[in-house]
Amino acid sequence: MARSSATRLLSSLRRGHKNSFSPLRPLAVLILDGAPLGSRRGLATSSAARVKEEKEAWWKEAMERMRNIGISAHIDSGKTTLTERILYYTGRIHEIHEVRGKDGVGAKMDSMDLEREKGITIQSAATYCKWNDYQINIIDTPGHVDFTIEVERALRVLDGAILVLCSVGGVQSQSITVDRQMRRYEVPRLAFINKLDRMGADPWKVLNQARSKLRHHSAAVQVPIGLEEEFQGLVDLVESKAYYFHGANGEKVVTEDIPPKLEALVTEKRRELIEVVSEVDDKLAEAFLNDEPISSSDLKMAIRRATTARKFIPFFMGSAFKNKGVQPLLDGVLNYLPCPIEVENYALNQNKSEEKVLLPGTPVGPFVALAFKLEEGRFGQLTYLRIYEGVIRKGDFMINVNTGKKIKVPRLVRMHADEMEDIQQAHAGQIAAVFGVDCASGDTFTDGSVRYTMTSMNVPEPVMSLAVSPVSKDSGGQFSKALNRFQREDPTFRVGLDVESGQTIISGMGELHLDIYVERIRREYKVDAKVGKPRVNFRETVTQRAEFDYLHKKQSGGQGQYGRVCGYIEPLPMDSPTKFEFENMVIGQAIPSNFIPAIEKGFKEASNSGSLIGHPVEYVRIVLTDGASHAVDSSELAFKLAAIYAFRQCYAAAKPVIMEPVMKVELKAPTEFQGTVTGDINKRKGMIVGNDQEGDDTVVVAHVPLNNMFGYSTALRSMTQGKGEFTMEYLEHSPVSQDVQMQLVNTYKATKGTE
C-alpha cells in the first residue's frame, strides 16, 4: 500500500511541478524503500551526521597529533645541539655532527656561513619530524629582539615552545628577554635545563632563578641521577621510573627502578611537583587536599591543563651533547604542549575596520594562512605558510589580502632543514611552503570568501634613515638585490632615493635595526657598503592660517606662461586621517577646471619639502578660492609652477614649526642604577611617564625625542654594567622647542650654503 500511494504521489509531483522535482529525487529513493517517511528522514539526518562526525574525527585526530613548537634560548645554552639530537632520534638525520665539531661539517641546522660563525641557528623556518606517530614542526625563533615585527611573526606561528637554560649559566639576560616575549604573545612553554654534564652544573639553582627572575610558576618533572661527570640518567617524577640512555648515541632508553639512594629526594620532589601544580589546577588540588593517592595519569593530565593554560611550566633536564634526556623531553612536548586546536588564534576582519575574529582552526572553514617567512631558495622565492583554517591543494587559487592579487599555487612542499618533499595538500594547523608566490613577509592569504588578515596592516613608519652606497661600482647589482630582498622580508625596512644628492637612503626602526641590515649586505651578498651619518625623519607643519595670491607670468617670445592662484593654507588637526588636503572653492570659470589637478599637483610637490629644513610638510589644508587664466598663455605647467611659488610665498606667514619623532622608551635595569638612568633620560629631554618595580628591577617608561637617542644602547650598558636593556617604539611626531628649531634651521642653511 505504502509503495503504490508513494508512486502515485511522485508521478503527480513529476507532472505538476517539473522544476521543483529535482530536490525531491533523493526523497523518492527514501520513500520507495518501503518504510514510513518520518523514520527515513531521521535515518538520513543521522547518516549525514555520522558522515560529518567521521570527517570531523579524521581531522580532529590529525590535529591532536600535531605540535608546532619553537626552541629558544640564550646564546650558547645548547639550542642547536638539542635540535640536532631531536632530528637524529626522530629519524630525520642519520648521523650527528657537532656545532663546532672536528669534522668541519657543522650541525644540520646551521646551513648559512654567518650562522656557523656566529652561532645563530635554524635558518630554515620550519623543520618537520615525527615522534611516536605525532608530527612535530620545529619553527625558527629569531634570537634578535630588535626586529619587532619579525620576532612577533615568528612567535605568532608557535603553539608552544621549549626554553633551553644552561645548568651552569642559569637564567641569563637573553633568557629573560625571550621569556618576556613569549609571555607577551601567550606561548605555553616547557623548560629544559641542559649541560648537566658540565662542571658546576646545578639544576636546582637554575629552577630557583627561573622562579625569582622570570616569575615562573614552575617545578621539576625529573630528577638527575648524578651530576657533572657522574651524570648517568634521569628519574621521571610523574611515572616514578628511572631512565638510562645506552648505545653509541644514547638511542636505547632503558627503564629501571629508582636507585635506593635517591628515593627520599624523589619523594620530596614529587610532592613539591604535585603541590605546585595543585595551586593552579582545581581537580588535582581536590585530590591533594583529600590525601587521595595521585596516579601518574591524573598528574599528567593536570600538568597538561596547567601548562596549556600558561599557569605552570614543567622543567625537564638532561645533556644534549652527551645524548641524555632528549627522548623524555620529546615525550613531554607531546604530553604537555597544546595542539593547534587548543590555541586561540585571532584574525582581523578588514571589512569591519580590523575587528578581532576568533578562528576555530578547523580544516572545514574558509582558507586563511599567514606567510611568516620568506627565503631565497634555489628555485626562486620560497614562502612559508602557517595555515590557520581550511585546506589548500596544489593548483588551487588563493588571494593575497594585503595586495588583492589572485595567485595559483604551483607547488606545495614540506621542509626538512634545507631538503624538501612535495605534498598534494595541507590543512589547518600545518606548516607548508609554496614556490613562485610573489608576496611580502606577513601577508595573509585566503580563498576569497573572507577578508581577514592575521597581522595588522598598519606598519609603523620608519623613524631613522641612513645613506648607503656600495664601495665598488661593480657590486651595484648585488647591492640592489639585497635591498629588494630585505624590503620584502621586513615591512619596517624601506629603501628610497634622495632626489637632491642621488644617494640611496635606507630607513628603519632604529640604529641597531639598520646596522644589522648593513652587516647582512656585507655578509650574505659580499658587498662592502659605505654608511653615512644616521638621519632623523623630521616633519614640518604650519600653525596658523595664511593667505596666498600669486601670479606666475613669463613672456619669452612664442607662447608664454600665465597663471594666477588665490586662497589660503591652514593647519589640519593632528588626529586627522589625511596629512594633506586640497579643496577647490573657485566659483565660476576663473580657472578652467582642467587646470585644477595641475594646481593640486603643484601644492603636493611643494609640500614634499618645507623651506625650514627641507623635510616634508604634513597636516596642512590648502583651499583655492580664486585665480585668473589667459586664453593663450595658460597651461598646466604654468599653474603647477604658480602653485609651487604660492606655497613658498605664504609658508613663512603660516608660522611653520619642525616636528620630531618622539619614541616611547621602556627600560629595565636593576634598582641600584635607577638614579643614574632617570638622570640620563632627563638630560636627553625625555619625559618620564611611568616608573614600576618588577622584582629587583626598575621599569621606566619615558617619551624621548629620537634625535637624542643616538648611541643610547652603549650608554645604557656602561651605566648599568651591561645589565640594563631597553625597547623603543615610535609614538608620535611632536613640535620641537624654539631653540632646537633655530639650531636645526641654521644647520640646514649652512649645509645648503656649502653645496
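Mentor: We will go through a sheet, the helices on it, and then a strand elsewhere. Keep in mind that this is a predicted model.

Trainee: How do strands form a sheet?

Mentor: Strands of a sheet pair through backbone hydrogen bonds, in a parallel or an antiparallel way. Here, take the open sheet of 4 strands with the order 31-32-34-33. Its pairing is mixed.

Trainee: Which strands are the edge strands?

Mentor: Strand 31 (546-554) and strand 33 (580-584). Each pairs on one side only. From one strand to the next, the twist averages 25°.

Trainee: How many bridges join strand 31 to strand 32?

Mentor: There are 9, and the two strands run antiparallel. Strand 32 covers residues 561-571.

Trainee: What span should helix 16 have?

Mentor: Count 1.5 Å a residue: its 16 residues should span 22 Å. The end C-alpha atoms of helix 16 are 23 Å apart, so the two values agree.

Trainee: Which residues of helix 16 are buried?

Mentor: First the general idea. An α-helix has 3.6 residues a turn, so residues three or four places apart point the same way. In helix 16, the buried residues are Ala638, Phe639, Ala642, Ala643, Ile644, Ala646, Phe647, Cys650 and Tyr651.

Trainee: What do the buried residues of helix 16 pack against?

Mentor: Their partners are strand 30 (539-542), strand 31, strand 32, helix 15, strand 34 and strand 35 (656-670).

Trainee: Now the strand elsewhere. Is strand 5 covered on one face or on both faces?

Mentor: Both. Arg189, Ala191 and Ile193 are buried on one side, and Leu190, Phe192 and Asn194 on the other. That is 6 of the 6 residues in strand 5 (residues 189-194).

Trainee: Which strands pair with strand 5?

Mentor: Strand 4 (residues 160-166) is joined to strand 5 by 6 bridges, and they run parallel. Val164 has Phe192 as its bridge partner in strand 5. Strand 11 (residues 313-317) also pairs with strand 5 in the parallel sense, over 3 bridges. There, Ala191 has Phe315 of strand 11 as its bridge partner.

Terms used: Residues numbered from 1 in each chain as written. Predicted model: local features only at pLDDT ≥ 70, side-chain atom pairs only at ≥ 80, totals over all residues. Heavy atoms only, no water. Pairing = 2+ DSSP bridges. Axes fitted to C-alpha atoms, helices over the stretch in contact; angles between N-to-C directions. Expected span 1.5 Å × (residues − 1). Buried < 20%, exposed > 50% of the residue type's maximum accessible area, 1.4 Å probe, protein only. Contact = heavy atoms within 4.5 Å.
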